[in-house]
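Open the model in a viewer and keep the selection tool at hand. The stops below run from the whole chain to single residues.

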Amino acid sequence: MECETMEWQGWFTLSLCVAVLMALVFTRVGPHLIMIGALTILSAGGILNANDALSGFSNSGLITVAGMFVVAARMHASGAIDLLVNNLLGRPGTSRATEPDVLAGCISKQLSQ
């Protein structure tokens, strides 16, 4: 069995993936900036053309998730999340009073899998 070697584009992309992972783990730079930076480097280096680089943004699932992030951010900024959680869960007086809430969360997690 003969082993083929990668061209420089493969090695460059692999090393960029390692650098991106290291940046995500060890820096406080926003993940969106790191990922857009990697995309820009691959596009500027001629490894990705414009169609390949931007094709993932046309996925309807991505647009839906992005829209949900916008809605969640607005709900958090307006205080609606805090109001909903406080009214729904309340403020338990003892640790024993939190057990039904924890149980409901565990059941919900198991049902969603």
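Start with the chain coloured by secondary structure: six helices and zero strands, in the order α-α-α-α-α-α along the sequence. Helices (H or I, at least four residues) and strands (E, at least two) are DSSP runs, numbered from the N terminus. The radius of gyration is 22 Å, well over the 13 Å that the globule rule gives for 113 residues, so the chain is more spread out than a compact globule. That radius is taken over C-alpha atoms, and the rule is 2.2 Å times the number of residues to the power 0.38.

This is a predicted model, in which local features need pLDDT of at least 70 and side-chain atom pairs count only at pLDDT 80 or more, while totals for chains, interfaces and linings use all residues. Residues are numbered from 1 along each chain as its sequence is written, and side-chain values use heavy atoms, with hydrogens and water left out.

Now show the C-alpha trace, which spans about 65 × 40 × 30 Å along its principal axes. Accessible areas come from the Shrake-Rupley method with a 1.4 Å probe, and for residues only the protein chains shown count as cover. Buried residues make up 6% of the 113; buried means under 20% relative accessible area, exposed over 50%, and partly exposed in between.

Next, select L16, V20, I34, A38 and L42, the largest nonpolar core. Such a core is a set of buried Ala, Val, Leu, Ile, Met, Phe, Trp, Tyr and Cys residues joined through side-chain atoms within 4.5 Å. Helices α1 and α2 (31–44) each supply at least two of its residues, and α2 gives the largest share, three residues. Centre on L42: leaving out residues up to four places away in sequence, L42 touches F12, T13, L16, I47 and L48 (contact means heavy atoms within 4.5 Å).

Then select V18, L21, M22, L24, V25, F26 and M35, a nonpolar surface patch with about 700 Å² of accessible area together. L24 lies in α1 and is partly exposed, at 33% relative accessible area.

Move to N49, in the loop between α2 and α3 (50–54). N49 is partly exposed, at 42%. Draw a C-alpha to C-alpha distance from N49 to A77: 38 Å, for residues 28 apart in sequence.

Finish at I63 in helix α4 (residues 60–78). Is I63 buried or exposed? I63 is exposed, with a relative accessible area of 51%.

How values were computed:
Patches are made of residues with over 30% relative accessible area and no salt bridge: like charges are joined within 9 Å, nonpolar side chains (Val, Leu, Ile, Met, Phe, Trp, Tyr) within 5 Å. A salt bridge is a side-chain nitrogen of Lys or Arg within 4 Å of a carboxyl oxygen of Asp or Glu. Buried means under 20% relative accessible area, exposed over 50%, partly exposed in between (1.4 Å probe, protein chains only).
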